[in-house]
Amino acid sequence: MIEVKNVSKTYGKKDNAFMALSDVSFTIPKGASVAILGKSGSGKSTLMHIMSGLDKPESGEVIIGGRNILQIKQKEIDRFRSRSMSFIFQSFFIQANESCYDNVSLPLEIADVAPSRRRAKIESALRAVELFDKMKSRARDLSGGQKQRLAVARAIVNNPQILFADEPTGNLDSTTGAVIEDLLFDYNKKNNITLVVVTHDSDLANRCDIQINIKDGKIDKITGGKK
Amino acid sequence: MKTRDITIRAGRSLKKAKARTLLTSLAIAVGAFTITLSLAAGDGGRAYTDQIFSSNADVRELIVTKEQPSAQKGPQKYSENSSNIATPFGSTSVLSQNDIEKIKTVSGVIDVIPNYNPQVKYISGVNQDKYIATITIFSPNVTLEYAAGSISGNLSDNEIILTEEYVQALGYKSSQDSIGKSVIIVADKLSAPITNPESKSYTYTVKAVSSKSGLAFRSQSSLLISEDSAKALYDYANIGTRNYDKFLVAAVRVDNAGDAKIVKDRLTSMGYFAQTAADLLGVINTFINVLQGILLGFGALAILTSVFGIINTQYISVLERTQQIGLMKALGMRRRDVGRLFKLEAAWIGLLGGSIGSGLAYIAGTVANPFISKALDLDDIYLLIFNPLNIVLVIAGLVLVSVVSGILPARKAAKLNPIEALRTE
């Protein structure tokens, strides 16, 4: 369960101050799929960064698994992120020069998973996104859809509890985008993990259990969730 | 993140930018090359002078002369007991028998051997041909190389060490053949009137033949006999002359090399000019050290330049990989580990550069050694000595320098805000 309580975030100082989020509160139950929906500049990315501990708000609390992640040390947040969270980005951010295997291996290395236990995890993640045969290929040789599938493999390899996806289909055509969506929602349902999708695409948002609409740094409305 | 994983990732990202890595390493390699060579040259030079000294000088011996009047200003007043010998460098005070006896009483002195330098008329051997020769006193503490025979301890009276050149000239088939044979040395009595010359022949048994050495300053015409034999020759030749029992120099033997300095101080306070073998070695070694220092300075300068190269390369690397750093931090990589990643990259560059430079220096030095020795006529002595420990230290030092150079870029990477880094467009 993720609880966001009265979070406010301001960028800039004094005259140039810009309020990215103001007094945002909501609760996401464990295993839910949530869409954070809003236009460009609405503050939806900032909200994701705060929920994942990458950014710190001026005020408010983010409680994950009973702990306020804004109160714990940077080292603890890093450890928490490496073991319990993962990310998928619009621009993939895969390492083009590395093999698929090494790309997927990165989160395991960061999380200090013993080298002997990595191979099995990497292979099963690549199998899940149907890139097992590309294991030794360089990431730059993959197509756009394959690259994002590789990013999904990297995101799921360490069995995260929460998966953040920032415009995961933004750089893909509708067919390949649909494949990625299916992968994410399947994983969400099968493993009962929390999926947080940041998007401005309402079709994608509608596939989620809960839609949180953000407008000018405030919650416009929250739909779904009460099943 | 484990050091092993970081090291592998650091190596991998360097492999991606092969040309850049190699060029940055080459800058360090220049420094490593210079430093490795100058260390080798210093070691080689010092070993060479050590060898020269053990072949020519005795560390338990001091060379003593009377304090030189040239050290004083203006002409010297004549006095009845002053005795001088004219040399090309001016008039020189000499050591009298009196001085020799005085020096013998100095504590620590075992023996004083005046430089007899007996002048002989000629030497002849089996073929009766007569040759001019220089006679020198044998010292058991000077290392000699022998072509035949050998000496353990001191040389007995009426024994002689020939050189290879004399073996042939005197008519022996080989050095080995000459051992045990007799040679005759004839000396003139210098005080005899020119109208009635007197001479006497001395017979010596050939005990050994010294071989030519790139180290020995001693000329090939210098033959060695014992102190007493030399004194006998000297006495016969010089007795009755003005210069009898007056010596330019005397060798003072001490118990061990450590006493040489103390005895030197005692002799100096008595008004003698004494020099130990270490003094002479020290002069040459100082010269070598200064030369080595200059070379090392050039190497250090090259490394200083390469430091900026590393800093620059690593800054560019951080800028290029902003997104990668952002991703790694988003995935929970700690700041410390991000910093370590870049420092280890710098370490790899240092290792590569150091290895290339030292390796090339080793190869170049090993190839050049025979040519240098040939050009300087050193026979089988090599002037460049590569000490493996030095090479390891040079490489380790350069890895350290590289890591230090990598600190600033690494800090920049560690401080990178992942949100900024991951912002698209």
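Helices, taken as DSSP runs of H or I of at least four residues, and strands, taken as runs of E of at least two, are numbered here from the N terminus. By this assignment, chain A of the predicted model contains 7 helices and 10 strands. The C-alpha trace of chain A extends over about 50 × 40 × 40 Å along its principal axes. A compact globule of 227 residues would have a radius of gyration near 17 Å, and the 18 Å computed for chain A therefore agrees with such a form. Of the 227 residues in chain A, 48% are buried. Among contacts in chain A between residues at least 6 apart in sequence, those joining residues at least 24 apart account for 69%.

The interior was examined next. In soluble globular proteins, nonpolar side chains tend to be buried together. The largest nonpolar core of the model comprises 117 residues, and Val34(A), Ile36(A), Val152(A) and Ala153(A) are those with the most contacts inside it. When residues up to four places away in sequence are left out, Ile36(A) touches Lys44(A), Leu47(A) and Met48(A), together with Val196(A), Val198(A), Ile212(A) and Ile214(A). Another core, of 30 residues, lies apart from the largest one and includes Ile135(B), Val209(B), Leu223(B) and Ile225(B).

Chain B is divided into two parts: domain 1 is formed by residues 3–53 + 283–422, and domain 2 by residues 60–277. The centres of domain 1 of chain B and domain 2 of chain B, taken over C-alpha atoms, are separated by 54 Å. Asp50(B) belongs to helix α2 of chain B, which covers residues 18–56. Asp50(B) has 14 other C-beta atoms within 10 Å and is therefore partly exposed, a class that lies between the limit of 12 or fewer for exposed residues and that of 20 or more for buried ones. Although Asp50(B) and Ala278(B) are 228 residues apart along the chain, a distance of 9.8 Å separates their C-alpha atoms.

The contact between the chains draws 21 residues from chain A and 17 residues from chain B. On the side of chain A that touches chain B, the elements giving two or more residues are α2 (74–84) and α3 (100–110) of chain A. The most is given by α2(A), with 5 residues. In composition, this side of chain A consists of 8 nonpolar, 6 polar and 7 charged residues.

Definitions and conventions. Residues are numbered from 1 along each chain as its sequence is written. Chains are lettered from A and ligands numbered from 1 in the order in which they are written. This is a predicted model: local features need pLDDT of at least 70, side-chain atom pairs count only at pLDDT 80 or more; totals for chains, interfaces and linings use all residues. Domain bounds come from an automatic or database domain assignment. The radius of gyration is taken over C-alpha atoms; the globule rule is 2.2 Å times the number of residues to the power 0.38. Two residues are in contact if their C-beta atoms, placed from the backbone, lie within 7 Å. Ala, Val, Leu, Ile, Met, Phe, Trp, Tyr, Cys and Pro count as nonpolar, Asp, Glu, Lys and Arg as charged, and the others, Gly among them, as polar. A nonpolar core is a set of buried Ala, Val, Leu, Ile, Met, Phe, Trp, Tyr and Cys residues joined through C-beta atoms within 7 Å.
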